[in-house]
Amino acid sequence: MKDTQPNTRHLDAIIVGAGLSGMYQLLSLRDKLGMNVKVFEAAAGVGGTWHHNRYPGARCDSESHSYMFYFSKELVQSWEWTERYPQQPEIQRYMDHVADFFNLRPDMVFNTRVNAADYDEASKLWRVHTSDGQSWSATYLITAVGCLSSANVPAIEGLDSFQGQWAHTSAWPAEGIDFKGKRVGVVGTGSTGIQAIPVIAAQAGHLTVFQRTANYSIPARNAPLTEEFKHYVKENAEDIRQLMNETTNAHCFRIDPRSALEVSEQERNAVYEAAWAKGGLQFRATFGDLLKDKTANDTAAEFIKTKIRQVVKDPQTAALLSDIDHPFAAKRPPIDSHYFETFNRDNVSLVDIRSHPIERITAAGIQTTQAQYDLDVIVFATGFDAMTGSLLRMNISGRQGLPLKDAWAAGPRTYLGLQIPQFPNMFTITGPGSPSVLCNLPPQIEQHVNWITACIAYMRDNGISQIEADEQASDDWVQQVNEAANATLLPQAHHSWYLGANVPGKPRVFMPYAGGFARYRGICDEVAASQYRGFHLHR
Ligand code: NA7
C-alpha cells in the first residue's frame with residue numbers, strides 16, 4: 001500500500017545498519033527483487049561494529065577466509081586477505097570493497113540514526129523517523145544492527161570526575177590514543193581486553209589490568225597468508241562455503257565426533273598439544289563432547305590452566321589468571337597473541353577486582369576496596385549490551401503501539417530469530433533466537449538474507465501484503481532455544497553475555513540458538529518449504 005501522508009517518503013524496504021548484513025540485504029532486495037530500498041546508518045561509513053572497534057589489537061577471531069562473503073564468485077575472486085586473522089583496518093577495507101563492488105553507497109544514508117519505527121496497522125506500513133528530522137514509510141523494516149554494537153560502559157561512580165582520558169573499546173576515538181609512557185588501566189578481560197592488553201602493554205609506561213573474571217584463551221598463531229593459501233581459497237570457494245554451511249559453528253573446520261573421554265590421557269593431551277600449537281578457535285573442535293559433558297570439558301580446561309601456569313612466571317599472577325570459574329568455551333573463548341606472556345613484562349600488573357571490586361573512579365584513577373591506582377588513561381574493554389541492546393534502543397513499536405521493550409520485558413521472544421509476534425513485516429538479521437554469536441557470522445548473514453529475500457519474493461508472487469510470526473510458534477521456538485542451550489554447558493557460565501548477565505537489570509535468558517548452524521538452516525528451509533508454517537500470511 002502506498003503512503004498518503006504528506007512529508008513522508010515511501011520506500012519498499014528500510015534496512016537499519018550498513019555492516020555486512022545491511023549491505024547484502026540491500027543488494028538482494030535492490031538487485032534481485034528490484035525494490036526501492038534505503039539503508040540508514042548512524043556512522044559515517046559502512047562496516048557496522050568494525051567501523052567503531054578500532055582499539056589497538058582489534059582483530060577478527062574467525063579465520064580470514066571464513067570471514068567473507070561467498071555468495072558472489074566475482075566478489076571472492078576480487079579479494080585477498082593478507083593474514084590468518086584480519087586486523088580491523090583490513091576488515092574495514094573489505095567492507096568498503098563490498099560497498100564499492102556492488103555500488104551500494106547511493107542507497108545508503110550515513111550519519112543518520114533511526115530514532116523510532118512504528119507499525120501503522122491501518123496502512124500496513126512501517127513509519128520510520130530518522131535523526132535528520134525526516135519521516136519515511138516502508139512496507140518492510142529489516143534490522144541489520146549486528147549483535148555486538150551497543151557498548152556496555154559500566155556505571156561506576158565518579159567516572160565524570162576522572163581527570164585523565166577514558167574510552168570504551170567499541171567507541172574508539174578516530175585519532176587514537178597515545179599510550180607512550182603513560183599509566184594505563186584496562187578494565188575487562190574478554191576477547192577485546194585479551195586482544196588489546198598485549199598491544200597497549202608494549203606502548204604504555206605501566207599497564208594495570210583489572211580482572212573480574214579470569215578467562216581461557218588459546219593462542220591465535222596469527223601469520224601472513226602464503227600465496228599458495230590465497231590461491232587455494234579462490235580455487236576452492238565452493239567447497240569452503242559448503243563446509244561452513246554443514247558445520248555447527250559455520251567455521252571452516254569440522255568438530256571431531258569422538259568423546260574426550262574415549263581416548264587415553266596420553267592421546268588426549270597429544271590432541272590438545274597439537275591444537276594449541278595450531279592455534280585458533282578450532283581448539284574447541286578437538287572433541288565432540290567438550291560443550292556437552294562437564295568431565296570431558298574439565299580435561300580441556302585443565303590443559304589450558306596448566307599452560308597458563310607454565311607461561312606466567314609470577315605464581316600469584318599465574319594463580320589469578322588460571323582461577324577460571326566456568327567451563328571452557330561456555331563463554332565466548334578468546335584467542336590471543338601473547339596475552340599470558342604479557343604478564344611477564346615488568347610494566348604490567350594484574351589487579352583482582354573479584355576479591356576487591358572497583359569502588360569508584362576518582363580524579364586520579366581507579367579506587368578499589370583495597371587500594372587506589374593512579375592512571376592517565378582508562379580503557380573499558382567491558383563488552384556490549386549484546387544481541388538486544390541495539391534493537392531496544394531504536395524505539396520500535398509494533399501493533400497497537402506495543403513497544404519492543406515491553407514485548408521483550410522477560411527476554412527476547414522471536415520465531416526462528418527472524419520475526420517477532422506483533423511486529424508484522426519486520427525481520428531481524430542474526431537477531432536473538434538465531435545462532436548468531438555462537439557462529440562465524442558471514443555464512444549466517446548470507447543464510448538469513450537469502451531466507452528473508454526469498455520470503456519477500458514469495459509474498460510478492462502470491463499477493464501477500466503482511467507476514468507475522470504466530471504467538472504459539474514463537475513460544476515453541478523460545479522453548480527450543482532454551483532446550484538447545486540446556487543440552488550444552490553454555491548456561492553454566494552464569495555471568496556470560498549470552499545470558500544477558502553482564503548488563504545490570506537485563507533479563508537472564510539464553511539468547512542465541514545453540515542447536516548449531518546446520519540444524520538451524522534445515523529448520524528455516526523446512527519452514528519456507530511448508531509455505532511459512534508458524535507465520536500468518538495476509539493478502
Ligand atoms: P565481554 O566478553 O563481555 O568481556 C567484557 C569484560 O569486561 C569481562 O571480562 C567482564 O567481566 C568485564 N566487565 C564488564 N563489566 C564490568 C564491570 N562493571 N567491572 C569490571 N569488569 C567488567 O566483551 P568483549 O568486548 O571482550 O567481547 C565481546 C565479543 O566481541 C567477543 O565475544 C567476540 O565475539 C567479539 P565479567 O566476565 O563480566 O566478570
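**Figure 1. Arginine 360 and glutamate 157 pair up in a salt bridge.** In this predicted model, the side chains of these two residues meet with an N-to-O distance of 3.9 Å. Where do the two partners sit? Arginine 360 belongs to strand β13 (residues 358-361), while glutamate 157 is in the loop between β6 (135-143) and β7 (165-168), so the pair ties together parts that are 203 residues apart in sequence. Here's the general idea: side chains of opposite charge can pair when their charged atoms come close. How many salt bridges does a search of the whole structure find? It turns up 29 of them.

**Figure 2. Here are the two domains, domain 1 and domain 2.** Domain 1 is put together from three stretches of the chain, 8-46, 104-150 and 386-538, whereas domain 2 covers 183-380. In the contact itself, domain 1 takes part with 20 residues and domain 2 with 25 residues.

**Figure 3. Now for the area buried between domain 1 and domain 2.** The size of an interface is often given as the accessible area lost when the parts come together. For this pair of domains, the buried area is about 1700 Å², and carbon and sulfur atoms give 57% of that. Which three residues of domain 1 supply more of its buried area than any other three? They're Asn440, Leu489 and His495, which supply 32% of the area that domain 1 buries against domain 2.

**Figure 4. Arginine 241 and glutamate 446 form a salt bridge.** Their closest N and O atoms are 3.0 Å apart. The count of salt bridges between domain 1 and domain 2 is one. The interface also has ten residue pairs in polar contact. On the side of domain 1 that touches domain 2, the elements giving two or more residues are α14 (441-461) and α16 (517-529). Of these, α16 gives the most, with three residues. Sort that side of domain 1 by class, and you get twelve nonpolar, six polar and two charged residues.

**Figure 5. Leucine 441 is part of helix α14.** Leaving out residues up to four places away in sequence, leucine 441 touches Thr430 and Ser436. What about cysteine 147? Along the chain, cysteine 147 and leucine 441 are 294 residues apart, but their C-alpha atoms are separated by 9.8 Å.

Figure 6. Zoom in on oxygen atoms of the ligand: a polar side-chain atom of threonine 213 lies 2.4 Å from one, and an N or O atom in the side chain of lysine 331 is 2.6 Å from one. Serine 191 uses its backbone instead, with an N or O atom 3.0 Å from an oxygen atom of the ligand.

How values were computed. Residues numbered from 1 in each chain as written. Predicted model: local features only at pLDDT ≥ 70, side-chain atom pairs only at ≥ 80, totals over all residues. Heavy atoms only, no water. Domains from an automatic or database assignment. Contact = heavy atoms within 4.5 Å. Buried area = accessible area lost by both parts, 1.4 Å probe. Salt bridge = Lys/Arg side-chain N within 4 Å of Asp/Glu carboxyl O. Polar contact = N/O pair within 3.5 Å; in protein donor to acceptor, adjacent residues only side chain to side chain. Helix = DSSP H or I, 4+ residues; strand = E, 2+ residues; numbered from the N terminus. Nonpolar A, V, L, I, M, F, W, Y, C, P; charged D, E, K, R; others polar.
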